[in-house]
Amino acid sequence: MSTFEFIVSGLEDFDVLHVSKPRFVLKEQVEFGDLFIQLENKSNPSCAHAVMNWLTQQLETNERRTATLKIFDDSGTVLEEWEYKDLEITCADFGELDVTWDNNDNYTRIELQCKYSSATLKNL
């Protein structure tokens with residue numbers, strides 16, 4: 001079973017539970033589909049604060065981020081490495097809470113939808 005590592009600049013400390021791979025839409029020119037990221041919202045450090053800082057910087061300074069997706073085989077060898085450029089959050093969902101959850105479920109998941117300007121598959 002392969003595993004993956006997805007790192008967004010500024011969100012290095014957080015576990016990514018789900019991420020979509022690049023999607024190319026061929027029209028008159030290449031368009032990139034949306035990128036979906038699901039993060040575990042740990043309390044220390046706070047993933048929610050890091051995402052809100054990114055959103056604030058994006059709104060105030062038009063800041064874009066970079067990201068890398070590495071996919072590994074069972075032995076840890078990198079099978080694919082993708083580099084995303086100019087990530088911009090288009091939707092941030094900070095999840096839900098429910099009083100009936102077990103006390104061990106003291107986190108929520110943050111789901112991000114992003115657009116990006118390019119995705120490049122690196123030669124290994």
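In this tour, a residue is called buried under 20% relative accessible area, exposed over 50%, and partly exposed in between, with a 1.4 Å probe and protein chains only. The model is predicted, so local features need pLDDT of at least 70 and side-chain atom pairs count only at pLDDT 80 or more, while totals for chains, interfaces and linings use all residues. Residues are numbered from 1 along each chain as its sequence is written, and side-chain values use heavy atoms, with hydrogens and water left out.

**The whole chain**

Begin with a cartoon view. The chain has one helix and nine strands, where helices (H or I, at least four residues) and strands (E, at least two) are DSSP runs numbered from the N terminus. Their order from the N terminus is β-β-β-β-β-α-β-β-β-β. Of the 124 residues, 31% count as buried. With contact meaning heavy atoms within 4.5 Å, residues 24 or more positions apart account for 64% of the contacts with a separation of 6 or more. Switch to a surface: the chain exposes about 8,100 Å², of which carbon and sulfur atoms supply 46%. Accessible areas come from the Shrake-Rupley method with a 1.4 Å probe, and for residues only the protein chains shown count as cover.

**The nonpolar core**

Select Phe6, Ile37, Tyr84 and Leu87 next. Among the 27 residues of the largest nonpolar core, these four touch the most other members. Such a core is a set of buried Ala, Val, Leu, Ile, Met, Phe, Trp, Tyr and Cys residues joined through side-chain atoms within 4.5 Å. Elements that give two or more residues to this core are β1 (3-8), β2 (16-19), β5 (35-41), α1 (47-61), β6 (65-72), β7 (78-93) and β8. Helix α1 gives the most, with six residues. In soluble globular proteins, nonpolar side chains tend to be buried together.

Keep Tyr84 selected and display its surroundings. Leaving aside residues up to four places away in sequence, Tyr84 touches residues including Phe6, Leu35, Leu69, Tyr116 and Ala119.

**The aromatic cluster**

Show the rings of Phe6, Phe24, Phe32, Trp82, Tyr84 and Tyr116, which ring pairs link into a cluster. A pair of aromatic rings is described by the distance of the centres and the angle of the planes. Rings of Phe, Tyr and Trp (its six-membered ring) pair if their centres lie within 6.5 Å; planes under 30 degrees apart count as stacked, over 60 as edge-to-face and the rest as tilted. The structure holds five aromatic pairs. One of them joins Phe32 and Tyr116, tilted at 45° between the planes and 5.4 Å centre to centre. Because Phe32 lies in strand β4 (residues 30-32) and Tyr116 in the loop between β8 (108-115) and β9 (118-121), this pair ties together parts that are 84 residues apart in sequence. Phe32 is partly exposed at 25% relative accessible area, whereas Tyr116 is buried at 7%.

Move to Phe24, in strand β3 (residues 24-26). Phe24 is partly exposed, at 40% relative accessible area. With Leu26 and Val30, Phe24 makes a nonpolar surface patch of about 310 Å². Patches are made of residues with over 30% relative accessible area and no salt bridge; like charges are joined within 9 Å, and nonpolar side chains (Val, Leu, Ile, Met, Phe, Trp, Tyr) within 5 Å.

**The loop between β2 and β3**

Select Arg23, in the loop between β2 and β3. The C-alpha atoms of Arg23 and Asp34 are separated by 7.4 Å, although these residues are 11 apart along the chain. Beyond residues up to four places away, Arg23 touches Glu31, Phe32, Gly33, Asp34 and Tyr116.

**Salt bridges**

Finally, display the charged side chains. The structure holds six salt bridges, each a side-chain nitrogen of Lys or Arg within 4 Å of a carboxyl oxygen of Asp or Glu. Glu80 and Lys21 meet at 2.9 Å, N to O. This pair links distant parts of the chain, with Glu80 in strand β7 and Lys21 in the loop between β2 and β3, 59 residues apart. Glu80 is partly exposed at 23% relative accessibility, as is Lys21 at 40%.

Go on to Glu63 and Arg65, whose side chains form a salt bridge of 2.5 Å, N to O. Glu63 is partly exposed, with a relative accessible area of 23%, whereas Arg65 is buried at 8%. A further salt bridge, between Glu83 and Lys85, spans 3.9 Å, N to O. End at Arg64, Glu88 and Lys115, which salt bridges with shared partners join into one network.
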